[in-house]
Amino acid sequence: MEAARVPVIPEGELFRADIAGVEFAAGADRGYWRLVEIAWPFAIIAVTAAPRPGSPDEYLFRFDLTGYPAAPTAQPWDGGVGVPLAPHRWPGGTGRVASAFNPSWRQDAIYLPVDRVALDGHDAWRTEHAAYLWDQARDITQYLRILRDLLTSAGYTGVRG
Amino acid sequence: MRVYLHRPTQLEPDAVEVEVDAVIRDGLNEVDDSVSVLIEDTDEPLDVDATFDAAGVTDRIHIHIAPAVRIGVTVNYNGVPKSDEFSASSRVERVFDWAVSDKAFDLGPEDATEHALAVCGAEDPLAPDVHLGSLPQDGPHHVCLNLVPKHRFQG
């Protein structure tokens, strides 16, 4: 007898469903973030930053969503020309902000346990920061909330310059 | 119009579509005399026999359906508990602002930004826009929270 087929939801459709879902919509309506574009497996999402002199109101991040709902990776993005954001235009600050947005480490990922590139090579994070790992049962807003928290914290001082 | 509906024991809201001139009691099926409806971060329940429009419910607003209007909160920090009471529709952010103020633990701005609230017994910090009335309770109309340091990632 032929085995029953299990329907598989294409990754892109699952992501689009999450973007259309309540969590993303509620955050967008609160002004936390906004979807700029999807060009699968990439999506560009803008995250609002706290006002700082000479600094933008938001930063764009390009997410590589290959394998979604597995963990994505993200990098600051220049939406004007469609290339990675130059390091001097990255978010700058102290403490957690400086640790996360570190172009000296890499310019194609953000130094957070929720980021699949950053997690690779940091096995200790799986136990030390278990609550901050990507959770496949949740959606992209878990990553966005972490970015928003950093960009609205007192430790965020504006563009690196 | 769309309203975001927060409920007990459900951390994320639901989005519901309602008619602006509908009576609240009729527009939200679960509203009866056993619950109160509050706009986010407010202390006075709405008149459920008023229309959404008359009650000040606007498009994309967040509201809370609660069996109890007031929730007692105890926040623990460095082994010291401090308690107060907030409306069920208060965001965690409102409780956090109280906890770091001179009314509670008096953390300075830089110290405050490195901390967050977590439910007692849980590791993960709460999102600041979760409603107090949606959190797990450790007693009738009471929530226990810890003020915990946010993690900085190194290595």
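I began with a definition: the radius of gyration is taken over C-alpha atoms, and the globule rule is 2.2 Å times the number of residues to the power 0.38. I note that the model is predicted.

**Chain A, overall form.** I applied the rule to the 161 residues of chain A; a compact globule would have a radius near 15 Å, and chain A has 16 Å, which agrees. I then looked up the span of the C-alpha trace along its principal axes and found about 65 × 35 × 25 Å.

**Chain A, elements.** I recorded six helices and seven strands. Read from the N terminus, their order is α-α-β-β-β-β-β-β-α-α-α-α-β.

**Chain A, burial and contacts.** I found that 45% of the 161 residues count as buried. Of the contacts between residues at least 6 apart in sequence, 54% join residues at least 24 apart. The accessible surface is about 7,600 Å², with 53% belonging to carbon and sulfur atoms.

**Chain A, charge.** I noted 15 positive and 19 negative side chains, with the centres of the two sets 5 Å apart.

**Chain B, form and elements.** For chain B I recorded three helices and eight strands, in the order β-β-α-β-β-β-β-α-α-β-β from the N terminus. The C-alpha trace of chain B spans about 55 × 35 × 25 Å along its principal axes.

**Chain B, burial and contacts.** I found 48% of the 155 residues of chain B to count as buried. Among its contacts with a separation of 6 or more, 64% are between residues 24 or more positions apart. Chain B exposes about 7,500 Å², and 47% of this comes from carbon and sulfur atoms.

**Chain B, charge.** I located the mean positions of 11 positive and 30 negative charges 4 Å apart.

Notes
Residues are numbered from 1 along each chain as its sequence is written. Chains are lettered from A and ligands numbered from 1 in the order in which they are written. This is a predicted model: local features need pLDDT of at least 70, side-chain atom pairs count only at pLDDT 80 or more; totals for chains, interfaces and linings use all residues. Side-chain values use heavy atoms; hydrogens and water are left out. Helices (H or I, at least four residues) and strands (E, at least two) are DSSP runs, numbered from the N terminus. Buried means under 20% relative accessible area, exposed over 50%, partly exposed in between (1.4 Å probe, protein chains only). Contact means heavy atoms within 4.5 Å. Accessible areas come from the Shrake-Rupley method with a 1.4 Å probe; for residues, only the protein chains shown count as cover. Lys and Arg count as positive and Asp and Glu as negative; His and the chain ends are not counted. The place of a charge is taken as NZ of Lys, CZ of Arg, CG of Asp or CD of Glu.
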